[in-house]
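Trainee: I have a new model open and would like to learn how to read its features. Could you walk me through some of them?

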Amino acid sequence: MTPYPAGGAGVRSAAPPVPASRPRDSAATRKALADAGRALFATVGYDATTVRAIADRAGVNQSLLFRYFGSKEGLFSAAVLDKATELLAEVPREALLERTLAAVLDDEHGGRNAETLMAVLRAAGSSRVAEDIRVRLCAAYSTAFASLVDTDDPADAEVRADLLLAWLLGIALNRSVLHAGPLHDPRVVRDHVMRAATTLLGPRRSP
């Protein structure tokens, strides 16, 4: 699937810095940086998140990010990609769509899982995330959604899964740009998306 462009993903105001005292050991420092990065990737997107913003939010010097993760991309891989892979393994397949939709519609109150999923969705449409990471992200979610499709045709299942993922990316992008638009209210969106997604994932019927 060609990732949905993320031209407006960075316009959302950055998450406010969270005052923190500097962690006293490497494990705590790594966790503080990972938590800070994940929160910013979820709220403003990968492209708009800077190393300095991550370090400031974590309450540490930015040089420590390079020490423990090598780069912003390395932190993203550890804090988001690895976590997302764990979530895909942990979340029951029948709950995956609902959990992912919750991340898109309620990313500020959906907890750590929603935060990770939202970071994944925003990064999947970023031209600045390394191609191999974007491919892994999209492939992981596409494969997971394809497993929900009620068909014996693998190619058809892949098409439906990619359509669903593209739609979710589009909703996430719209909500990040048009804050006051009709898609801003999750109550307006949730039932429509679930009903349409259920139809999309269901068996294809002859005309």
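**Reading rings, charges and a helix**

Trainee: Let's begin with Phe 41: is it buried or exposed?

Mentor: Keep in mind that this is a predicted model. Burial is judged by relative accessible area, with under 20% counting as buried. Phe 41 has 0% relative accessibility, so it counts as buried.

Trainee: How many aromatic pairs does the whole structure hold?

Mentor: A search finds three of them. To classify a pair, look at the angle between the ring planes: over 60 degrees counts as edge-to-face. Phe 41 and Phe 76 have ring centres 5.1 Å apart and planes at 75 degrees, so they are an edge-to-face pair. This pair links distant parts of the chain, since Phe 41 is in helix H1 (residues 26-44) and Phe 76 is in helix H4 (residues 72-90), 35 residues apart.

Trainee: And what is the burial of Phe 76?

Mentor: Phe 76 has a relative accessible area of 0%, so it is buried. Phe 76 also forms an edge-to-face pair with Tyr 46, at 5.4 Å centre to centre and 85 degrees between the planes. Tyr 46 lies in the loop between H1 and helix H2 (51-58), while Phe 76 is in helix H4, so this pair ties together parts that are 30 residues apart in sequence. Tyr 46 is buried, as is Phe 76.

Trainee: Which residues do the ring pairs link into a cluster?

Mentor: Phe 41, Tyr 46 and Phe 76.

Trainee: Where do charges sit over rings, for instance that of Arg 30?

Mentor: For this feature, check the distance from the charged end to the ring centre and the direction relative to the ring normal. The charged end of Arg 30 is over the ring of Phe 69, 4.7 Å from the centre. Lys 72 lies over the face of Tyr 46, 4.1 Å from the ring centre.

Trainee: Which residues are in contact with Leu 164, leaving aside neighbours within four places in sequence?

Mentor: They are Leu 97, Phe 145, Ala 197, Leu 200 and Leu 201. Leu 164 lies in helix H8 (residues 154-177), and its relative accessibility is 0%, so it counts as buried. From Leu 164 to Leu 200 is 36 residues in sequence, and 7.8 Å in space, C-alpha to C-alpha.

How values were computed. Residues numbered from 1 in each chain as written. Predicted model: local features only at pLDDT ≥ 70, side-chain atom pairs only at ≥ 80, totals over all residues. Heavy atoms only, no water. Phe/Tyr/Trp six-rings, centres within 6.5 Å; stacked < 30°, edge-to-face > 60°. Helix = DSSP H or I, 4+ residues; strand = E, 2+ residues; numbered from the N terminus. Buried < 20%, exposed > 50% of the residue type's maximum accessible area, 1.4 Å probe, protein only. Lys NZ or Arg CZ within 6 Å of the ring centre and 35° of its normal. Contact = heavy atoms within 4.5 Å.
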